[in-house]
Amino acid sequence: MCDNMCCVTASKRPATVVVRVGNNRPDLGVNPICARYTGFIEEGRPLFLPCTSTMPGAFASIHLEAPPTGAPLSICEAYVYTDQALPVERCPGFRDQPLANVATYNGKCYHFYPHRPLNFEAALRFCESRGGSLIDETSPALQGFLSWELYRRHRNDPGAQYWMGAVRDPRDPSNWRWLSGCNYEVKAMTLERAVGQDVTISFWNAPGSNENCSRFDGSKGWLWADTNCNHKLNYICQHQPSSCGHPERPPNSTVSLTSDRRVSSVVEYRCEPGHLLVGAASRTCLPSGFYTDLPPKCSYIECGPPATIQHGGYTFPNTTRYYLSSVQYFCQQGYVLVGEGTLICDLDRKWNGPPPRCRAVTCGPPVEIENGQATMLANSTQYGAVVKYGCSPGHLLVGGPHLVCGDTGEWEGEPPSCECE
């Protein structure tokens with residue numbers, strides 16, 4: 001979480017500003033400290049305050065701790081950024097339910113229905129028909145979030161009431177149970193069966209009555225109260241996210257989805273040529289409304305010019321030197337390549353091996369002929385060398401007098417012969 005704000009202090013002394021994040025309301029000063037800044041605050045200049053660690057909470061507040069007196073803090077604008085909050089756009093959407101009536105907290109969606117009062121069973125069936133449920137869990141953090149959402153929606157109607165999904169246990173009237181995962185049936189507004197989890201953390205407004213259903217009571221600061229199941233109240237439907245939204249697309253990448261962006265869909269990443277995929281190649285949409293893992297990165301990799309070789313050269317088949325490109329070595333005529341002729345640009349931005357070398361082509365000793373002799377015109381049998389044949393006295397040379405060492409390492413042509421005159 002971070003804040004971006006412009007502040008003015010009347011004092012010329014250094015100020016200490018503290019950001020707190022938590023679920024306590026209205027006493028925001030007891031929430032944990034997210035960030036602290038001590039220094040001069042310039043008028044009109046934004047102040048960026050990142051949290052030192054990930055902190056859950058429905059409320060972020062800014063406090064001036066020093067100077068202690070006579071120095072007011074004037075905030076022009078405040079922005080709160082987080083990559084952990086679930087956008088309402090990932091929640092199930094209904095044509096008759098505006099986004100303004102939807103809120104998210106801790107990976108779940110909450111649809112508020114403030115103007116459609118129903119009795120308990122009808123509200124429960126309505127939520128189920130839309131794939132949700134009445135509120136069937138709690139914690140101090142969730143109670144703080146819900147009470148704030150209800151408060152801000154009913155500032156001018158503090159007596160509003162909302163159903164919640166906790167019912168009295170008919171086997172033990174002193175006990176309350178959540179409806180989540182239970183088999184139940186409401187008849188004549190009395191609970192026939194309830195086998196859900198016990199309500200172990202509660203926020204009741206004492207004293208209570210002997211009714212079987214429960215509600216958030218706006219007249220009591222949105223604490224809980226037991227209620228006649230036949231009353232018609234507002235209600236909140238709790239849902240799991242229906243999608244993970246559009247996946248992030250890193251630069252120099254392509255993104256493909258195996259289906260839509262709904263829960264269990266898979267997104268696959270590929271990098272453009274010359275880039276290495278760093279991170280997960282695929283991510284799955286979770287029931288929390290977020291994809292698994294962080295989006296990968298596409299890192300550009302390019303190798304330097306290849307090493308030159310004597311009596312040879314190289315070409316680039318793809319005219320590139322980036323990751324997975326190849327270089328092809330060749331030798332001049334009369335030379336043969338020794339070593340690996342094709343190298344690949346590797347992860348370390350180097351070609352994946354030493355360059356080859358060009359070795360001169362040589363022919364073996366020339367063929368000897370009867371009644372004659374072979375004479376090398378140069379002291380070498382390398383490619384291009386010439387051998388000259390001659391005959392002994394009294395013999396006549398039949399055939400060409402010269403053979404040349406070819407690029408295959410063989411003498412080109414047939415050796416002559418010497419016949420008697």
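A residue is called buried if its relative accessible area is under 20%, exposed if it is over 50%, and partly exposed in between (1.4 Å probe, protein chains only). What you're looking at is a predicted model, where local features need pLDDT of at least 70 and side-chain atom pairs count only at pLDDT 80 or more, while totals for chains, interfaces and linings use all residues. Residues are numbered from 1 along each chain as its sequence is written, and side-chain values use heavy atoms, with hydrogens and water left out.

Let's start with the whole chain. Its secondary structure comes to 2 helices and 33 strands; these are DSSP runs numbered from the N terminus, with helices being H or I of at least four residues and strands being E of at least two. The radius of gyration is 42 Å, well over the 22 Å that the globule rule gives for 421 residues, so the chain is more spread out than a compact globule. (That radius is taken over C-alpha atoms, and the globule rule is 2.2 Å times the number of residues to the power 0.38.) Along its principal axes, the C-alpha trace spans about 140 × 65 × 35 Å. Of the 421 residues, 40% are buried.

Now for the cross-links. A disulfide here is a pair of cysteine sulfur atoms within 2.5 Å, and the count comes to 10 disulfides. Take cysteine 91 and cysteine 109, whose sulfur atoms are 2.1 Å apart. The angle about the S-S bond is -85°, which makes the link of cysteine 91 and cysteine 109 left-handed. Both of these cysteines are buried.

Further along, cysteine 271 and cysteine 298 form another disulfide, with 2.1 Å between the sulfur atoms. This one links distant parts of the chain: cysteine 271 belongs to strand 19 (residues 266-271) and cysteine 298 to strand 22 (residues 297-300), 27 residues apart. Cysteine 298 counts as buried because its relative accessibility is 13%.

Then there's the disulfide joining cysteine 331 to cysteine 358, at 2.0 Å from S to S. Cysteine 331 lies in strand 24 (residues 326-331) and cysteine 358 in strand 27 (residues 357-360), so the pair ties together parts 27 residues apart in sequence. Here the angle about the S-S bond is -95°, again left-handed. Why is cysteine 358 buried? Because its relative accessible area is 11%, and the cut-off for buried is under 20%. Cysteine 331 is buried as well, with a relative accessible area of 19%.

Cysteine 420 tells another story. Its sulfur is 9.7 Å from the closest cysteine sulfur, in cysteine 418, and that is too far for a bond. Cysteine 420 also counts as exposed, because its relative accessibility is 63%.

Next, have a look at helix 1 (residues 120-129), where Phe120, Ala123, Leu124, Phe126 and Cys127 are the buried residues. Seen down the helix axis, they fall within an arc of 160°, so they line one face of helix 1; the arc is that of the directions from the axis to the C-beta atoms. After helix 1 comes glycine 131, whose phi is positive, near 80°.

Finally, the rings. Rings of Phe, Tyr and Trp (its six-membered ring) pair if their centres lie within 6.5 Å, and planes under 30 degrees apart count as stacked, over 60 as edge-to-face and the rest as tilted. By this rule there are 16 aromatic pairs. One of them is phenylalanine 112 with tyrosine 162, an edge-to-face pair at 6.5 Å centre to centre and 75° between the planes. Phenylalanine 112 is in strand 9 and tyrosine 162 in strand 11 (residues 161-169), 50 residues apart, and both are buried. The rings of tyrosine 314 and phenylalanine 316 have centres 5.6 Å apart and planes at 65°, so that pair is edge-to-face too. Tyrosine 314, however, is partly exposed at 26% relative accessible area, and phenylalanine 316 is partly exposed at 24%. Elsewhere, Trp176, Trp178, Phe203, Trp204 and Trp224 form one aromatic cluster.
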